[in-house]
Amino acid sequence: MPTSTARPVPVLILGAVTAAVLALASAAATAQPAAPAAAASQPAGPTVRPAVGTPLAAAQQLLGQGQAAEAMAKVEEAARVPDRTPYEAYVLERTRAAVAQRLGDVPAVLKALEAALATGQASKEDETRLAEAIVGLAHDVKDAQTVLRW
C-alpha cells in the first residue's frame, strides 16, 4: 500500500495508456477470425480468437465498473489460452497494463507495456507513445534501469 510520501503516477500518462488499452481491447473483443477462404486468398488483418477476446472484453467491462481485481482475473484467464498469436499477446498485455494501472501496480504496468512492445505488433505511433509512457512511469518510480533501457 502506498505511503503518504509516495508520488502519484501522472494522470496524463496513465490516462493516455488506459484510453489506448481500452480502445484496443474493445476492438479486439469484437474482432472475428478471418473466413478460411479469405485467409487463403490474402493475408488477414490481426484478429483475436474468442477464447482470448471474450475474457478481455469482460475485463474491459469490469474495469469500467471499477472492479479492477475481477478484471485482472479475466486477464489471467485470457493469458492461460495456449498458443496465443503475437497480436493476441499484444492486446492481452495492453489490457493487463490498463488493469494494473487501475490497481496502482506501476511495476506490473511497466512489465506489461514492455511485453506489449516486445510482440512487434504496435504501430510506429503506438511504439512511440508506449515507450514515452514507460519512460515517464519508470522515472516517476525512480526506476533508472528502465529509463536508461528506453
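Before my first entry, I wrote down what a polar contact is: a pair of N or O atoms within 3.5 Å, where within protein one must be able to donate a hydrogen and the other to accept it, and residues adjacent in sequence count only if both atoms are side-chain atoms. I also noted that this is a predicted model, in which local features need pLDDT of at least 70 and side-chain atom pairs count only at pLDDT 80 or more, while totals for chains, interfaces and linings use all residues. Residues are numbered from 1 along each chain as its sequence is written, and side-chain values use heavy atoms, with hydrogens and water left out.

**Entry: Thr146**

I looked up Thr146 and found it in helix α8, residues 144-149 (helices are DSSP runs of H or I, at least four residues, numbered from the N terminus). Its side chain makes a polar contact of 2.7 Å with the side chain of Asp143. Thr146 counts as buried because its relative accessibility is 5% (buried means under 20% relative accessible area, exposed over 50%, partly exposed in between, with a 1.4 Å probe and protein chains only). Leaving aside residues up to four places away in sequence, Thr146 touches Glu114, Ile134 and Ala138 (contact means heavy atoms within 4.5 Å).

**Entry: Glu114 and Arg149**

Next I turned to salt bridges (a side-chain nitrogen of Lys or Arg within 4 Å of a carboxyl oxygen of Asp or Glu). Glu114 forms one with Arg149, and their closest N and O atoms are 2.8 Å apart. This pair links distant parts of the chain, as Glu114 sits in helix α6 (residues 106-118) and Arg149 in helix α8, 35 residues apart. Arg149 is exposed, at a relative accessible area of 51%.

**Entry: Glu88 and Arg49**

How many salt bridges does the structure hold? I found 9. One of them joins Glu88 and Arg49, with 2.7 Å between the closest N and O atoms. Glu88 lies in helix α5 (residues 86-103) and Arg49 in the loop between α2 (36-41) and α3 (50-64), so the pair ties together parts 39 residues apart in sequence. Glu88 is buried at 0% relative accessibility, whereas Arg49 is partly exposed at 32%.

**Entry: Arg129 and Asp126**

Arg129 forms a salt bridge with Asp126, the closest N and O atoms being 2.7 Å apart. About one helical turn separates the two, because they are 3 residues apart in helix α7 (residues 124-140). I noted that Arg129 is partly exposed at 43%, while Asp126 is buried at 15%. Salt bridges with shared partners join Arg94, Glu125, Asp126 and Arg129 into one network.
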